[in-house]
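Me: I would like to learn how to read a few features of a model. Please take them one at a time.

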Amino acid sequence: MKRISNPLVFALLAVALLAGSVQAGKLTADMSEGKPAFQSMGPLAFGPEGILFVADTKAAAIVAVATGDTAAASRSKPIKVEGINQKIAGLLGTTADQILIDDLAVNPISKSAYLAVSRGRGPEAIPVLVRLKTGGDLEVFGLDKVKFSRAELPDAPVDGMVGQGNRQSNPRRESITDIAFLDGRVLVAGLANEEFASTLRAVPFPFKTVAGGTSVEIYHGAHGRFETRSPVRTFVTYNIAKQAHLLAAYTCTPLVQFPISDLKPGAKIMGKTIAELGNRNRPLDMIVYQRDGKDYLLMANNSRGVMKISTDQIEAVEGISAPVPDGGKKGLSYETIENWTGVDQLDRLDEQNVVVLRRAEAGSLNLESLPLP
Amino acid sequence: MKWIGPDVRTAALVTVMAAISVPGTWGQERVHSFDVASKTFSVDWILDASNTSKAAVQVSGLSPAVLRQLRRSKWESPQWQQLLAVFAATGDAAALPRLPPVSGIYRVLPDVLRFELHFPLESGLTYQAIFQPSRLPGGRASGDTVMADFRAPARPPGPSTVVTHVYPSSESLPENLLKFYIHFSAAMSRGRIYDHIHLRKGNGIDIELPFLEIDEELWDPSMTRLTLFIDPGRIKREVRPLEEIGPALEAGKSYALVIDPEWKDSLGNPLQRGFQKAFTVGPADREPPDAGKWQVSRPKPGTREMLTVTFPEPMDHALAQRVIHVTDASGRPVVGNVALENDERRWVFTPNDQWLGGNYHLIVQTTIEDLAGNNIGKPFEVDLFESVQRRPLTPTVTLSFTVR
């Protein structure tokens, strides 16, 4: 999950929200009211006005839902829900092994945590949006009558089987690996299950004609002279030299930056690798936060405690273009917060705290808030 | 018993998700009639005959006055749940913190109180409905707690799903192989799938993290085909040995792709048996496919002879099936069936109708891939010292052939 993680943008949006009733509800004004259809719920991201963007991978669509959850929480309360997968299973009338939690996002206004849940693991699984109420109770977030709008991602490559056999079951699908909202655009990273097409799209919001979403190929030079089209695993937005950038994490954890202004239809982008964070390591989720006047990235990964990455040198750091020997580190420095083990998902709760979904013993999952390191 | 409706008053606890059918039918309308546990009330489990995925619990024996009070109440969900709630019994509930009640909607009907579950019942799972008369409006304690259990029928046991095939079919694969497709005989389950898939060296040792592990998992819509990419960071490159944890595959060595039988299908049953695809690895393939080197057969007019395209190397199974099609001279699609043979080295097209004499075209999207992910006109690896912008790529190439 990603939300507005850039302090400058966040501040500007906060100003916009405070600017009075003229602005209020502007983004939801053109939404339709009813029951949005979901085939699946994957990555989540909050935008302004309590709008939750939900990636529906099966339908290749992004749905913007006006949650109406816009009462500001004066201060967030600590969160600790042990066995949240068992509790969600109880709420949905099933067993914990039939529950998958695909993403977590905190509403930056109300501080409520939202979870994209799959009830069931097969093709008939039911997607459910679950909200953690203040007080720790879980509820199914009702989607029967909400304001929403929907952006279909640009069509898959033309089906070459037109007029021929096997049309009824095109097995191609493009998965959405992460989404974020920034400055009137929903950024969508995707990966197809046939051709090796890793794309990043910028879809203007409010959604209008979205067929022309931007699709780009990103290259980075972390592996020496030659590089391939690697898929973005997770990304955040961040200002570098007063210009909005994407910081994208790849497998074998190079961290790559490129300006968002480069995201033009059909563009091929050369990213700048600003950190090698060591190998045997798969990034899972990432946020930006501030501490003592400095910005840090916090990255959950599959093999060690979360990584706290300094952005001190982000403007000055040279792009990494030569191989980094022995699976080493290079570029931005980082420290590992060793005791934050098993973190699968994270999102910022407030200025001091983060919410994490972490694996405990025996397949149990806990949702808890932790002070930012 | 059918649902009675429209209801007089609905108290929505939380709003409903789409009801989606669950496999299997239960065949009877009134599933469980719990004998009156108090002298006044009974709690029954009800299944909707027209939609077996829907279940409800119904309390009868409530007086018209009480029902009227319930209708007029402005209760929030906790108050309704104290009166009547359903819990999913997981078997180890004692070891866990108390689970929340199952999500659903309360309806006060003319002569009963009904709780409709939002979600289908889970096969084999026991549900417990608890009705506490003491929580009825007015605060008059009236009768003991009434409970009614219902066990949803279990699915037929036993594993039946198997891995039917792994592509590429060849037993010799390039060092820079990009992906496998694993095909199953029935729908599989999502979640931590990579625990069940291993790339094993000839010495029996598993290669560490060889695959691109995508949390979303790259399934087809029917969940009978999984795409498994080799992690691009683990594919051996041209000029530089991987200094990190090494390439996943190296030329001259033998490997096996191993699927554990513990992997569960969509019904929760493990695979009938494990699966193993053994293969040897040859040199890397860095040459983009060249359609000019493909051999196209010449079917005879007035027949439905197969049209074959023979590639000098195996092509990606999914893409070769999808991105090649046939048109007549004027561009109209020729309808037929496609198959791949000879370890994906031969594309075979059988037209629905007879060939007519004249010219035809094979339209090939340049996104077709060989086993190393090279496209027509575009190698998988890009030399960064050339501008990536400089590679013009046409979306299709056309091969023409004449039927005569």
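**Reading a predicted complex**

Reply: Start with one residue: Asp102(A) lies in strand β6 of chain A, residues 99-106. Helices (H or I, at least four residues) and strands (E, at least two) are DSSP runs, numbered from the N terminus. This is a predicted model, where local features need pLDDT of at least 70 and side-chain atom pairs count only at pLDDT 80 or more, while totals for chains, interfaces and linings use all residues. Residues are numbered from 1 along each chain as its sequence is written, and chains are lettered from A and ligands numbered from 1 in the order in which they are written.

Me: Is Asp102(A) buried or exposed?

Reply: A residue is buried if 20 or more other C-beta atoms lie within 10 Å of its own, exposed if 12 or fewer, and partly exposed in between; C-beta atoms are placed from the backbone. Asp102(A) is buried because it has 22 C-beta neighbours inside 10 Å.

Me: Which residues does Asp102(A) contact, leaving aside neighbours within four places in sequence?

Reply: Two residues are in contact if their C-beta atoms, placed from the backbone, lie within 7 Å. For Asp102(A) they are Met41(A), Gly42(A), Ala116(A) and Ser118(A). The C-alpha atoms of Asp102(A) and Ala116(A) are 5.4 Å apart.

Me: What pLDDT does chain B average?

Reply: pLDDT is the predictor's confidence in each residue, from 0 to 100. Chain B averages 83, but residues 1-38 of chain B stay under 50.
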